[in-house]
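This report covers a helix packing and a disulfide. The sequence and structure come first.

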Amino acid sequence: MTMRMARRPGAPAAKAVAGALAVLLVLAGCSSKAKDDKEAAGGVKTGEGVSGKTVTLGVLTDMTGVYATLGKSVTQAQQLYVKQTNAAGGVCGYRLALTVRDHGYDPQKAVSGYTELEPKVLGFTQFIGSPFVAAVKQRVDGRDKGLVLPQAWSANLLGSPYIRVIGSTYDIETINALDFLMKEKGLKKGDKVGHVYFEGDYGENALAGSKYMAEKSGLTVVEQKIKPTDNDMTGQVAALKQAGVKAIVISAGPRQAASLVGVAAAGRFDVPIIGNNSAFAPQLLATQAGPALMKNYWVASPSLPIGADTPQAKKLVADYKAAYPKDSLDNGVVAGWTAALAFGEALKKACAGKDLTREGVDKALLTINAFDPGFGITQDFTDPEAPSSKESVILQPDKNAVGGMKVVRPAAASAVAEGYTPGG
């Protein structure tokens, strides 16, 4: 795996997970392949994933596992982007097509899905699951070189010119989340803060952020590691209550967040709880945990919510409702649309340079230093060693808001986050 010389937070665990999953690549029958670049009419050079006047992009998503709600929204938003782009004439005359595989947040299915799609696509507009992306990172960097825009925000994915995280990484996001709790929710120097987190790349990178913030701010972190299959947080709430924590961070899925908040409320454990960006789904507001989520739960996000008061957000809401009238709106729509739009911008720049090969698209993305999809945060993709942004928006569940979330603190990077280097 291509890594920076400095060890990143959580790197040993991430390497272990990635190493184990990488074995699946061998079992899946990976083989070397020769590049087959060619020059199409008009002098545009093309390669893998381009056939005739069609550019095929891959989607590795989760529609049946831990992030099923997120995966569905992300995928449908990207299908909407492709449909609208093709209706407007495509990208410099090329039609876009998506090939979708649901891995159900299963490591073997995720890696085998990548192995299946990689030879057929120019790149991936979506790949859910930090551990799964990390498992193929060595292959992406060393041989495949196809652009991957993951729905994953682990700092362990930094350093690659081909795998580009959109927005702040989990460690930075967690630093910003704790900054919010300290400035606005009463958490102070000397307090204990609980951190419930998924084992593996996502949770452990977020934990690295809370430990860094704790060191800089005089907090003590009380850890509770869980698995994606753990859905009942009763034991974790009991342990954190006994430890006397004054606030809790959760780096897990929506189901775990709902259980944590609901169990805490039922036990009269009235402390503020904040989650990473993937630890909420608006469907939770219709459950028994709904009132507690609206009262005592916040989320750090890499963008404004789908219900934001911007022209781009309003148009996306209208278009998505028209395309999928039976489906609810959530921030997965924003994430999916943003990634597809970023990939589309790279395609446009690559085509203008008459190079629609993987190398041409990769280089094109690295020239984009002010990408603004209209959701509050401008992204800079020019440095593969750094996240495209250090800012986070703090959101709160609200059943009356479009998409179930309202903004309580606009986009900002805390002073600690500004001075923090992932892996530094």
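Is the crossing of α5 and α6 right-handed or left-handed? The crossing of α5 and α6 is right-handed. The model is a predicted one.

**Helix packing**

Helix α5 spans residues 170-184 and helix α6 spans residues 201-217. The two pack with their axes 7 Å apart, at an angle of about 45°. At that angle, α5 and α6 are therefore oblique to each other. On the α5 side, the contact is made by Tyr170, Asp171, Thr174, Ile175, Leu178, Asp179 and Met182. On the α6 side, Tyr202, Asn205, Ala206, Gly209, Ser210, Tyr212, Met213 and Ser217 take part. Sorted by class, the contact of α5 with α6 has eight nonpolar residues, five polar residues and two charged residues.

**Disulfide**

The count comes to one disulfide. This disulfide is formed by cysteine 92 and cysteine 351, whose sulfur atoms are 1.8 Å apart. The torsion about their S-S bond is about 105°, so the disulfide is right-handed. The pair links distant parts of the chain, 259 residues apart. Cysteine 92 is in the loop between α2 (68-87) and β5 (95-102), whereas cysteine 351 is in helix α11 (residues 331-352).

The table gives the accessibility of each partner.

| Residue | Relative accessibility | Class |
|---|---|---|
| Cysteine 92 | 42% | partly exposed |
| Cysteine 351 | 8% | buried |

Cysteine 351 counts as buried because its relative accessibility of 8% falls under the 20% cut-off.

Terms used:
Residues are numbered from 1 along each chain as its sequence is written. This is a predicted model: local features need pLDDT of at least 70, side-chain atom pairs count only at pLDDT 80 or more; totals for chains, interfaces and linings use all residues. Side-chain values use heavy atoms; hydrogens and water are left out. Axes are lines fitted to C-alpha atoms, for helices over the stretch in contact, and angles run from 0 to 180 degrees between N-to-C directions. Helices (H or I, at least four residues) and strands (E, at least two) are DSSP runs, numbered from the N terminus. Angles under 35 degrees count as roughly parallel, over 145 as roughly antiparallel, 65 to 115 as roughly perpendicular and the rest as oblique. A crossing is left-handed if the near helix is turned anticlockwise from the far one by less than a right angle, and right-handed if clockwise. Contact means heavy atoms within 4.5 Å. Ala, Val, Leu, Ile, Met, Phe, Trp, Tyr, Cys and Pro count as nonpolar, Asp, Glu, Lys and Arg as charged, and the others, Gly among them, as polar. A disulfide is a pair of cysteine sulfur atoms within 2.5 Å. Buried means under 20% relative accessible area, exposed over 50%, partly exposed in between (1.4 Å probe, protein chains only).
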